[in-house]
Each structure stands twice: as C-alpha cells, then as structure tokens.
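Hi,

Here is the structure I promised to pass on.

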Amino acid sequence: MNAIVKNHDATPGWKKGDVFRKFSAFFGLILLCLILTLLSDAFLKTTNIRNILSQVAVISVMAAGATFVILTGGIDLSVGSILGLCGVLAAGVLKWSGSPALAIAACLFVGLACGVANGYLVSFLKLPPFVATLGIMSIARGFSFIYTQGKPISSFPPSFRYLGTGEFFGVPVLVIVTAIVYIASWYILRKTPFGRYVHAIGSNETATRLSGIHTNLNKALAYVICGGLCGFAALLFCGRINSAHPLSGQGYELNAIAAVVIGGTSLSGGRGSVGGTLIGALIMGVITNGLNLLNVDTYWQGVVLGVVIIIAVTIDMRSKKGAA
C-alpha cells in the first residue's frame, strides 16, 4: 500500500484548534438546542423531536451522498433534480405495473444511472464538476416535466409508502433507514480502501494518481454513490408526502451541500466526515423547527441559514490557515 493512502488511515496528532474544528458543529448543535429549550417549552417534547428527525431524513440521505463527492474536491448540483426524476419515474412505474418492488428498483436504477453520467462527465471527460452536474440537473428536471407533462402523480399503496410513513417499535422507519445509511457511509469512508482513496483524491489528486491509484474510477464511483442515495431519498420523499411532482427536490441541492459544509467537510476536498454531515443536517432542521415554534416569519429562515453557512465556511478557511 502506498504511503499517501497510509497517511489517511493514520490518526493525526492533536494540533492547536483541532478540537474546535472537529467538534464545532456538534457544540453548535448542543448550544442551539439549549437556547431553543429555554425559549420554547414545546421543543424537547417527544413529538417535536420525532418531527425534526423525520423532516431532515431526506436531506440527510442526499447529503450523505454529497459528502462522498465533496471529499473528492467535487460538487454535485444535480441531486435535487435527480430526486425529482427518480420520484416521478418510480410513481409512473408503480401506477403502470402495480408492483412496489419494480417501482423501487426503477427508482434506484435511475439514480445510479444519473450518478454514472455525472461520474463519466467529471472523471473521464474532465468537465468541471460545476458545469457537468449543472447540465445533468437541467436534463433530469426537463425529463421529469416531459414524463409527467407537469402533473403530479399521487395516491400510492401503503406498501410503497412504508419507508416514508411506517414505524418500527415506535420509531419512524425514516429515522431508522437514515441511521443505516450513515452507518454504512461511515464504514465505507473510514474502513475501506475506497474511503481512503476518496480522502486522498481530495487532498492531492495528482499525487494519488502517481502513487498508482485509479483516481478517475474512484472519483466516478463517488458520484455513482451520490446518485444512488438520491434515488433512495426519492423513495423516502414520495412515501412521506404520498406524491411525486416534477418539481420535487427543487432547491434541495443547496440544502444538501449546506449540510455537508456546516458539518465541517472542506469544499476543497480531503477533509470531513459523514458524522459531521449528519450534525449539519440536524442543525438545519433544528433551526427551521425552532423558528417555526417561535412564530418567526418563514422568510427569515433563509437568512439565518445563510449566516450559518458563512460562519461554517469561515471556520473552515481559518482552520486551513492555522494548519498551514
């Protein structure tokens, strides 16, 4: 095994500012929860906590996939449109065949296919990730409208909606599957050669390639995973709202990227974790929920989220300067 990959598997020494950088998102989430607990008696109620966890599930799953891409130093602007396309195609197959299993398979296949397209454009055709995924975003959204003629598809059977509305021993299935996605993602990124390659590519793609690692293939695979998780998120989304619309997922790409950034993953790649991404998604969900509980105008939610993103990026930039 080459030295560059071994370095990513080693545990670095604690440097000045490491504790704050690594756990700033977690500390921020705890502080936010404490403030909202003091401001609203309803915040810590079981029903409200369940509501927060259910609301952030779809974005969390998408953000887990986006973490793989951003760790390589890339970006995926197409995740929201992929969710919309996967949702309407799954709904169409369900209405046509009456088979939830076939609809689920079609949904995941389309998500993976979109990920393959992104990966091929970025890794092998060498298009800038911003341009390539922006193109796929437009294509996927366009096909969603062509397929549905702009009309929603709704009224799904309970078996198809189970992932979005079911419960297992009182715990929403949405929450359980999100946890499974994050456990699997953590294992892949921390315990497999591919996970080490992803970090290495984001840190220094040229050095990683010269060390004998197939950087193009591994970077493309990160986009495939992201696309597949978008397809899975589409199943959760459609099951939860009992509808698929060609506009489903619009703007979700920004929320997914925001969750990754707030969670501490560097936009330049090579540094970050899915654990941080989950905390970032929870911070976004808690902010939205808290503002609603406090009867703050919904227009302010975007302002607050924007401020949080700027703070997260500022912390990332300062930590880089400190490490230099």
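**Salt bridges and what they join**

With a relative accessibility of 10%, K219 counts as buried, where buried means under 20% relative accessible area, exposed means over 50% and partly exposed is anything in between (1.4 Å probe, protein chains only). Before you go further: this is a predicted model, so local features need pLDDT of at least 70 and side-chain atom pairs count only at pLDDT 80 or more, while totals for chains, interfaces and linings use all residues. Residues are numbered from 1 along each chain as its sequence is written, and side-chain values use heavy atoms, with hydrogens and water left out.

Back to K219: its side chain meets that of E205 in a salt bridge, at 3.0 Å from N to O. E205 lies in helix α10 (residues 205-210) and K219 in helix α11, so the pair ties together parts that are 14 residues apart in sequence. For the element names, helices (H or I, at least four residues) and strands (E, at least two) are DSSP runs, numbered from the N terminus. E205 is partly exposed, at 22% relative accessible area.

How many salt bridges does the structure hold? There are two, counting a side-chain nitrogen of Lys or Arg within 4 Å of a carboxyl oxygen of Asp or Glu. E167 and R50 make one of them, with 2.5 Å from N to O. Here E167 sits in strand β2 and R50 in helix α3 (residues 46-71), so this pair ties together parts that are 117 residues apart in sequence. Both ends are partly exposed: E167 has a relative accessibility of 44%, and R50 has 28%.

**Helix pairs**

Two packed helices are described by the angle between their axes and the distance between the axes. The axes here are lines fitted to C-alpha atoms, for helices over the stretch in contact, and angles run from 0 to 180 degrees between N-to-C directions.

Helix α3 turns up again here, paired with helix α13 (residues 274-293): their axes come within 8 Å and cross at roughly 140 degrees. α3 and α13 are therefore oblique to each other. On that scale, angles under 35 degrees count as roughly parallel, over 145 as roughly antiparallel, 65 to 115 as roughly perpendicular and the rest as oblique. The α3 and α13 crossing is right-handed; a crossing gets that label if the near helix is turned clockwise from the far one by less than a right angle, and left-handed if anticlockwise.

The other pair I noted is helix α5 (residues 100-124) with helix α6 (residues 129-148), whose axes come within 9 Å and cross at roughly 150 degrees. That makes α5 roughly antiparallel to α6. The crossing of α5 past α6 is right-handed.

**Loops and backbone angles**

Which residues other than glycine have a positive phi? F169 has one of about 55 degrees, and N242 has one near 60 degrees. F169 is in the loop between β2 (167-168) and β3 (171-172), and is exposed, with 76% relative accessible area. N242 is in the loop between α11 (215-241) and β4 (243-244), and is partly exposed at 21%.

T72 is in the loop between α3 and α4 (79-97), and counts as buried at 6% relative accessibility. T72 and H199 are 127 residues apart in sequence but 6.3 Å apart in space, C-alpha to C-alpha. F156, in the loop between β1 (153-154) and α7 (158-165), is buried as well, at 7%.

**A nonpolar surface patch**

F23, F26, F27, I30 and L34 form a nonpolar patch on the surface, with about 460 Å² of accessible area together. Areas come from the Shrake-Rupley method with a 1.4 Å probe, and for residues only the protein chains shown count as cover. Patches are made of residues with over 30% relative accessible area and no salt bridge, joining like charges within 9 Å and nonpolar side chains (Val, Leu, Ile, Met, Phe, Trp, Tyr) within 5 Å. I30 lies in helix α2 (residues 18-39), and counts as partly exposed at 38% relative accessibility.

Cheers
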